Amino acid sequence: MEPDSLQTEVILTHPRKSLGRVQLDWTPQPGNYLDFEGKTYAVLERRHKYKLQAGRYRLHNIAIYVQSAKRPSEKSLVAGRWVIGDATCCYNAHSELIRCAVNPDGPCESCRFYEKS
């Protein structure tokens, strides 16, 4: 069974509760965004569960842990992956999940702390 043919359980991290199951045609990675039932969520973690069948372990279930989020308007490509905000700033976290410590909500263009690295 292919990973993308399984139902994926979507679990909200805080407060911890299952939002339901969805059939995805892509593999969600931490840092990706998912639109589910009219809301946008950031994927924080993905877990696989396996089941022993006929002497072999087979993928049985996929769960993704999410938090409510809005899609960032600013992104930068760094070493082949997208990060939030302006990666040329020395305060940028180079992360898919958080922009920086001094201005986590952004935007970068009008930030008074911006310093080119």
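Select Asp-35 to begin: at 49% relative accessibility, this residue counts as partly exposed. The model on screen is a predicted one. Asp-35 belongs to strand β3 and Arg-71 to the loop between β5 and β6, so the pair links distant parts of the chain, 36 residues apart. Arg-71 is also partly exposed, with a relative accessible area of 43%.

**Other salt bridges**

How many salt bridges does the count come to? It comes to five. One of them joins the side chains of Arg-21 and Glu-9, at 3.9 Å from N to O. Arg-21 sits in strand β2 and Glu-9 in strand β1, so this pair ties together parts that are 12 residues apart in sequence. Is Glu-9 buried or exposed? Glu-9 is buried, with a relative accessible area of 17%. Arg-21 counts as partly exposed, at 46% relative accessibility.

Next, select Arg-47 and Glu-45. These two form a salt bridge in which the closest N and O atoms are 2.7 Å apart. Arg-47 is partly exposed at 37% relative accessibility, and Glu-45 is partly exposed at 33%.

In soluble globular proteins, nonpolar side chains tend to be buried together.

Centre the view on Val-22. Which residues is Val-22 in contact with, leaving aside its neighbours within four places in sequence? They are Leu-6, Gln-7, Thr-8, Val-10 and Phe-36.

Show the strands as a cartoon and go to β3 and β4. These strands run antiparallel and are joined by four bridges. Select Leu-34 and look across to β4, where its bridge partner is Tyr-41.

Select Glu-37, which lies in the loop between β3 and β4. Glu-37 has a positive phi of about 50°, although it is not a glycine. Its relative accessible area is 65%, so Glu-37 is exposed.

Follow β4 onward to its pairing with β5. Here the sense is antiparallel and the pairing extends over 12 bridges. Select Arg-46 and find its bridge partner in β5, Ile-64.

The hairpin of β4 and β5 has two residues between the strands. Ala-54 is found in the loop between them. This residue takes a positive phi of about 55° without being a glycine. Ala-54 counts as exposed, at 81% relative accessibility.

**A surface patch**

Switch to a surface view and select Tyr-50, Leu-52 and Tyr-57. Together they make a nonpolar surface patch of about 390 Å². Tyr-57 has its place in strand β5. With a relative accessible area of 62%, Tyr-57 is exposed.

Return to the cartoon and select residues 75-78 and 81-84. These are strands β6 and β7, which pair in the antiparallel sense over four bridges. Val-78 stands opposite Arg-81 in β7. The strands form a hairpin with two residues between them, and Ala-79 in the turn has a positive phi of about 50°.

Move on to Lys-116, found in the segment after β7. Lys-116 is exposed, with a relative accessible area of 62%.

**Last stop**

Go back to the loop between β1 and β2, where Pro-15 is found. Select His-14 along with Pro-15. What kind of peptide bond joins His-14 and Pro-15? The bond is cis, with omega about -10°.

How values were computed. Residues numbered from 1 in each chain as written. Predicted model: local features only at pLDDT ≥ 70, side-chain atom pairs only at ≥ 80, totals over all residues. Heavy atoms only, no water. Contact = heavy atoms within 4.5 Å. Patch = residues over 30% accessible without salt bridge, like charges linked within 9 Å, V, L, I, M, F, W, Y side chains within 5 Å. Areas by Shrake-Rupley, 256 points an atom, 1.4 Å probe, with all protein chains shown as cover. Salt bridge = Lys/Arg side-chain N within 4 Å of Asp/Glu carboxyl O. Buried < 20%, exposed > 50% of the residue type's maximum accessible area, 1.4 Å probe, protein only. Pairing = 2+ DSSP bridges.
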